[in-house]
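Work through the following exercises with the sequence and the model beside you, and try each task before reading its solution.

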Amino acid sequence: MGKNREMKKSVHLEEVLKKIYDKLFATFGPQGWWPASSPFEVAIGAILTQNTNWKNVEKAINNLKKHNLLSPKKLKEIDEKKLSILIKSAGYYNQKAKKIKEFVKFLVENYNGKMEEMKKENPEDLREKLLSIKGIGRESADSILLYALDMPVFVVDAYTYRIMLRHGLIYEDITYDELKELFEKNLPHDVKIFNEYHALLVKVGKEFCKKSVPKCNGCPLEEFLEK
DNA sequence: TGCCAGGCCGGGT
DNA sequence: ACCCGGCATGGC
């Protein structure tokens, strides 16, 4: 393999990524992701949070819990229209109701409705299968692999991209899979590290790297802006 | 008040 | 292979 095409600067990504991680961890501490009480809840949350504020997702999940519906069996049975009303607060509720039904159907038909049974698969194969489900894209699939199934897969999202771009570490035309590989190839293949790293990027992103604020004022990663 | 949030799909070029 | 419109609520 030659140099990473996506790597912008002639720096040791391995070194920089570790420094960024250490800095974020020292600043914010462990994030305790994913905020859910079961692997299945992680998967449903991954769908509900697509382009949506997590607060709105929490309401939807709590609503499902309140109605005792947060299980593969119950969600398999429930009418899609009724489901959409229950998850309304998460936005795109018609689409997301359909997506949840698709995922649950996949889970029940292929894994007896048990998330645990997915762990028998290797991550690459399972990723392909998840991506074949209408409504599960790359970030959702990777979130399920990492946060529900403890597989060593790096999750990329809009914050990951924006933070890396603003710090001059990537080109703007990098693809999701390229950015994912960039992290995976320059970090130890450690579920714990991948887990915290993504969560920490979201944390610092929410506070210092919003889309509406083009500068990273007061960002703990300022020292990495020029390197 | 308008803009944004832990994306994804389908159709058009 | 990109590019774009549509999807939608709630918080700041």
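Helices (H or I, at least four residues) and strands (E, at least two) are DSSP runs, numbered from the N terminus. Residues are numbered from 1 along each chain as its sequence is written, while chains are lettered from A and ligands numbered from 1 in the order in which they are written. The model is predicted, and local features need pLDDT of at least 70, side-chain atom pairs count only at pLDDT 80 or more, and totals for chains, interfaces and linings use all residues.

**Exercise 1.** Locate Asn-51 and decide whether Asn-51 is buried or exposed.

*Solution.* Begin with the backbone: Asn-51 lies in the loop between H2 and H3, and its phi is positive, about 50 degrees, although Asn-51 is not a glycine. Next, apply the cut-offs: a residue is buried if 20 or more other C-beta atoms, placed from the backbone, lie within 10 Å of its own, exposed if 12 or fewer, and partly exposed in between. Asn-51 is exposed because 8 other C-beta atoms lie within 10 Å.

**Exercise 2.** Find which helix gives the largest share of the surface near DNA strand C.

*Solution.* Helix H3 (54-66) and helix H6 (93-111) each supply at least two residues, and the largest share, 3 residues, comes from H6.
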